[in-house]
Amino acid sequence: MATRSLWRATKLALSATALIGGGAAAANVATSDDPAMTYKLYTTVPPRLVRGAMTAAAIAFDYEYSLLGLPEGSNEREKAKHEVHLRSALKLQELCFKNGGIYIKLGQHLGQLEYLVPQEYVQTMRESMLNKCPVSSYEQVCEVIKKELGDTPDKIFSEFDPVPIASASLAQVHIARDHNGEKVAVKVQHTHMTDTAAADCATVNFIVNTLHEIFPSFDYRWLIEEMRESLPKELDFINEAKNSEKCLENFQKFSPHIAAYVYAPKVHWSLSTSKLLTMEYIDGAQVNDVKTVKRLGMRPDEVARLVSESFAEMMFKHGFVHCDPHAANLLVRPRPGSGKSFLGKKEPQLILLDHGLYKVLDSETRTNYAALWKALIFSDANAIKEYSAKLGAGEDLYALFAGILTMRPWNRVIDPAIDHLIVQGTEADRSELQMYASQYFSQISELLRRLPREILLMLKTNDCLRSVSNALLQVPSLETFMIIGRVSSEAIIEAKLSQKRSFLRWLSAWLDRIILEVRLFTMQVALWLIRGRRALSWEI
């Protein structure tokens, strides 16, 4: 059995190398008039394809052989599964680093899907993929700049630091000064991205489909479909620049009360192309760097509230959502021109970076998503079921969908207690979540297959924001859920009022507003009591 599976996986892998990689690489070679480019494709694409195909075969065989004959649900099988998850995650990590580019992007996606993929993959990818991305040489950077702007960096800029301050999966950032003396950040796309993107996409797609064919419960085809759709947009830096400006316009239009507290670097359009983006340089603290946040005179809890409110406004009111809010893409600084708060601290301003990945939520999806979160915050089981079904979860997987969104089991989701959604972050909590993730793995795969891709990206966004909030607060907090409850409820009220106006509709919206304020006041009183008890216990 194991030998047959190995042969099957290896045969499919070799077929991929010959057919998929060959086709994608051949397409690029056929459209290239540059002999150097043709040589580069022939020398770089095949080894990448072979590495990917053989990694898929090795992982497939490891699972099949290691779990062979072990009864479902037995301690022996669970122990073996943990070990093979870890080995396979390390194999995949090695592949991502060796191939770079799209593979790094895939690893980053996996590292942000907590409890949606095995925890061993999440931890392995999260610990390595965000801070250890490959770096292009200065010669490669010069090649891109000359091709895009017509000259070398020392001619285009008055100063240009050849050492990047940051490198990500698709690009790296250099500090420079323009000829007006302004300090700028120059984002330069890695040269190999456009060379190998087609072949890499085809290979990654094949690996995932192969593993799904061998292990039907392993179904992450949705992740590849999302990458295939989003990658061309992320590789177009003009699109990224437009997204950053639209994001700020939305805050001015729909959320003026916090527009001054959210910012994106100004784009230098004359020095920007689809592969090169020149922006205003902004000095700030990475949002999860609590020590620096405090040193700059800001309170971490105020930063956490600002992050939560900003993204709640995007999801529930704007319908235009930054979908890659990991800590490296969020800076915070004292708001320019602001004084100190009544507690003597400076007001924070959130700086949003990397605007390549946005998702548009149409009016119906946005309102249904807001209604679902309102139901989750206020423990409304019937509404949770209704809006989960409207968003694609079906009437059988609504409890699982609610659990994935909140990271809480169903009995806690519908618990009327004020703090019912707070995750304590204890080892018992983590073990419980991992147990559920393992126990319902096949149902989770089915749910992810059903949900629209925009909602799948909301799950990823939620996981990123949860990680940022945990780093800032370091203790469970009710305030994040109060913010979500308020903004989602306001979005529903505004949606009602935007429909055909009538006295009854206006009255209904007005009553909804009163009920919302009463609920939020009740939660705030409960929060004060919880804080009081905690302070008292500290004194004792």
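Contact, as the word is used in these legends, means heavy atoms within 4.5 Å. The structure is a predicted model, in which local features need pLDDT of at least 70 and side-chain atom pairs count only at pLDDT 80 or more, while totals for chains, interfaces and linings use all residues. Residues are numbered from 1 along each chain as its sequence is written, and side-chain values use heavy atoms, with hydrogens and water left out.

**View 1. Leucine 473 and its contacts.** Leaving aside neighbours within four places in sequence, leucine 473 is in contact with Asp301, Ala304 and Thr480. Leucine 473 belongs to helix α19, which covers residues 453-473; helices (H or I, at least four residues) and strands (E, at least two) are DSSP runs, numbered from the N terminus. Although 172 residues separate leucine 473 from aspartate 301 in sequence, their C-alpha atoms are 6.0 Å apart in space.

**View 2. Helix α15 and what covers it.** Helix α15 (residues 398-406) is largely enclosed by the rest of the structure, because eight of its nine residues are buried; buried means under 20% relative accessible area, exposed over 50%, and partly exposed in between, with a 1.4 Å probe and protein chains only. The buried residues of α15 are Tyr398, Leu400, Phe401, Ala402, Gly403, Ile404, Leu405 and Thr406. Their cover includes α13 (363-377), α14 (381-390), α16 (410-413), α18 (441-450) and α19. After α15 comes methionine 407, whose phi is positive, near 60°.

**View 3. Phenylalanine 401 in the largest nonpolar core.** A nonpolar core is a set of buried Ala, Val, Leu, Ile, Met, Phe, Trp, Tyr and Cys residues joined through side-chain atoms within 4.5 Å. The largest such core has 107 residues, and those with the most contacts inside it are Val307, Phe311, Phe316, Tyr369 and Phe401. Apart from this core lies another, of 12 residues, among them Ile145, Val184, Val188 and Leu271. Not counting residues up to four places away in sequence, phenylalanine 401 touches Leu372, Ser388, Leu391, Ala393, Leu447, Leu451, Ile455 and Leu459. In soluble globular proteins, nonpolar side chains tend to be buried together.

View 4. A search of the whole structure finds 30 salt bridges, a salt bridge being a side-chain nitrogen of Lys or Arg within 4 Å of a carboxyl oxygen of Asp or Glu. The side chains of arginine 87 and aspartate 62 form one of them, at 2.8 Å from N to O. This pair links distant parts of the chain, since arginine 87 is in helix α3 (residues 75-99) and aspartate 62 is in helix α2 (residues 35-66), 25 residues apart. Arginine 87 is partly exposed at 35% relative accessibility, whereas aspartate 62 is buried, with a relative accessible area of 11%. In the salt bridge between arginine 299 and glutamate 302, the closest N and O atoms are 3.8 Å apart; arginine 299 is partly exposed at 22%, while glutamate 302, at 16%, is buried. Arginine 412 forms a salt bridge with aspartate 415, with 3.2 Å between the closest N and O atoms. Arginine 412 is partly exposed, with a relative accessible area of 23%, and aspartate 415 is likewise partly exposed at 23%. Elsewhere, a network of salt bridges links Glu309, Glu313, Lys317, Arg486, Glu490 and Glu494.

View 5. An open sheet of four strands runs in the order β5-β10-β9-β7, with mixed pairing; two strands pair if DSSP finds at least two bridges between them. Strands β5 (262-263) and β7 are the edge strands, each pairing on one side only. Strand β9 (residues 330-334) pairs with strand β10 (residues 348-352) in the antiparallel sense over five bridges, and leucine 331 stands opposite isoleucine 351 in β10. Glycine 284 is found in the loop between β6 (276-280) and β7 (285-286), and is partly exposed at 28% relative accessibility. Its contacts, leaving aside neighbours within four places in sequence, are with Leu331, Val332 and Arg333.

**View 6. Cysteines without disulfides.** The structure holds zero disulfides, a disulfide being a pair of cysteine sulfur atoms within 2.5 Å. Cysteine 323 is in no disulfide, and the nearest cysteine sulfur, that of cysteine 464, is 9.2 Å away. Cysteine 323 is buried, with a relative accessible area of 0%, and cysteine 142 also counts as buried, at 18% relative accessibility.
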